[in-house]
Amino acid sequence: MSIAAVTRSFSPAPDGTDAAVAQWVDDIAALTLPDRVVWCDGSKAEWDALAKAMVEAGTLIKLNAEHRPYSFLARSDPSDVARIEERTFICSVDPSDAGPTNNWADPVEMRSTLEGLFDGSMRGRTLYVVPFSMGPIGSPLSRLGVQVTDSPYVVASMGIMTRMGSEALQQIGPSTPWVRAIHSVGAPLALGQADVPWPCNDTKYISHFPESREIWSFGSAYGGNAILAKKAFALRIASVMARDEGWLAEHMLLIKVTNPRGRVFHVAAAFPSACGKTNLAMLSPSIPGWTVETVGDDIAWLGRGADGRLRAINPEAGFFGVAPGTGYSTNQTAMDTLWGNTIFTNVALREDGDVWWEGMSDTPPARLIDWEGKEWTPASGRPAAHPNSRFTVAARQCPSISDDWEDPQGVVIDAIIFGGRRATNVPLVVEARDWEHGVYLGATISSERTAAAEGTLGELRRDPFAMAPFCGYNMADHWAHWLAVGQELRRSGSVPRIFQVNWFRKGADGRFLWPGFAENSRVLEWILERVDGQVAATESPLGLVPAPGDLNTEGLDVSEADLAELFAVDADSWRAEADDTAAFFDSFEGRVPEAVSRQLEVLRAKLG
Ligand SMILES: Nc1nc2c(ncn2[C@@H]2O[C@H](COP(=O)(O)OP(=O)(O)O)[C@@H](O)[C@H]2O)c(=O)[nH]1
Ligand SMILES: C=C(OP(=O)(O)O)C(=O)O
Ligand SMILES: [Mn+2]
């Protein structure tokens, strides 16, 4: 083929497209040099055509429709399976605005690096223009964005995870703020060069420019690095928008809970990645008379409503959940959600054309094709599904989805929960003494590393507000912002209570002390009875804990000794933890709000 064979087909912007959007797309196309530019309308026909093309290209494997209607398996490049925090950058003008929990990079240098990498990076590929709304279209709490990407997998995922297409594009006018998100897998194709099923690049950058509300992601197609509406926009950029505009963008699930007396509550809960958000969001209570319905499983945008109360929306439209550990015995609702219309990534393939992963059932099938496409048997000695394998599915398909999940005003929050994965020290549940203490509990979350990000599994790391990888500005300023929001809520007389939970405490023998999953409803019961003023609490150095006998253990198979261990406070370990917290606070070089550092002194005094 000769150079003359290169045909560029740039479809024009749809009628009515905002001129700034059209200009920006032209500029990105001029930089990245794709063969085609396609404006996505979000239609079913468009999704179908993308899926068909990806099956032909080998990016997706169509599952057996008898078992899993209209569902697909994607196998990533084995090097591109999780978020990479070392390659994730916050490029604020002032490095102290990124703070010690972020990788800061100079915005001018980063722009020049990225321009070099993106120069011609879409050669031979299609540039898709993906307009989207985070939050219900037209809600006062929603925000708009446009992602350009050369990955059809990302387009299809954005179609599930966001309100994507023409309607979102029409919302953007000359004075509407919108977030610019640029993504390339970084694998240009020379003329006639054959593609691979999962193109990516060893060089990866996930760069955020908070001041100009821009995201540039290069080299990865893994969801957390490439579905830019999610962690990059709805958390990193949105947290900065929220700081500037007086609201909160948080790594939180949202649920509606109804108690046996018919009172309805809404709860927001922040846990680090792969620490139980999706599971709690889809909880089926083990205790009679309680129901839990799903509003969101990963991200919440919260702000003071016209009524002065804290309200929240789920800005997403789908779930990008961890597959391993999801099974009929742990999360029936998730299993029922995944009946069809699902993209699975890096799970194992069964001989009958369905999928499998560790924890889906107790006994694995005798033979599988593992996530890397290799033959697998239970004797293989390695997991069949990648530990961070995922499902991507529309929220509306969830049987427990709440009737108010798309309420444009958001749901009223009655309780906020912080949690982490802690084998030791942290009790099953603690109530904060007040908002300031609650902010301290959020600020001091530590959690064992999971497979959701590259790094050493099990290593304890600080993950304040479960936002360490996701806060687009200085974490200490985030705490100050929370304190300010609390003060405003106090003025209007309705401050949600704050709690801390830990489902993951282990005994000396290494087994979980708490059965978790459906039984977590017992902890929710105590939390919401506290909110409803129905139950007392006991003082502990860490905060308020259930008085003996107040945690509902009826019919529960947990020994008295294990229950005691779940609430044990070891003063020596806590003194060591307090020292570690002091060192952590020092890393913020004087930026930690006084109301937060004072809580550490209170804790030390209570420990004696
Ligand atoms: N032991 C235990 N494991 C849990 C519990 N809840 C979730 N998990 C496991 O933790 C992993 C991550 O859960 P998930 O809900 O997907 O976390 P998310 O990434 O925060 O949404 C999965 O393997 C779950 O099976 C629990 O209450 N107890
Ligand atoms: C989507 C992700 O997160 P979570 O594990 O919190 O669902 C991710 O970490 O890429
Ligand atoms: Mn999740």
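**Exercise 1.** Identify the element that supplies the largest share of the lining of the second largest pocket, and describe that pocket.

*Solution.* Step one: the largest share, five residues, comes from α2; helices are DSSP runs of H or I with at least four residues, strands are runs of E with at least two, and both are numbered from the N terminus. This is a predicted model, in which local features need pLDDT of at least 70, side-chain atom pairs count only at pLDDT 80 or more, and totals for linings, chains and interfaces use all residues. Residues are numbered from 1 along each chain as its sequence is written.

Step two: α2 (44-57), α4 (152-161) and β8 (163-164) each give at least two residues to this lining.

Step three: the pocket has a volume of about 560 Å³. On a 1 Å grid over the protein atoms alone, a pocket is an open set of points where a 1.4 Å probe fits, with protein on both sides within 12 Å along at least five of seven lines, and lining residues have an atom within 4 Å of a point. A volume is the space filled by probe spheres set on the points, which are joined across faces, edges and corners.

**Exercise 2.** Describe the largest pocket by its volume and its lining.

*Solution.* Step one: its volume is about 900 Å³.

Step two: 44 residues line the largest pocket, and Ala274, Cys275, Gly276, Pro324 and Arg421 are those nearest its centre.

Step three: two or more lining residues come from each of α7 (229-245), α8 (277-281), β18 (318-322) and β24 (390-394), with α8 giving the largest share, four residues.

Note on methods:
Chains lettered and ligands numbered in written order. Heavy atoms only, no water.
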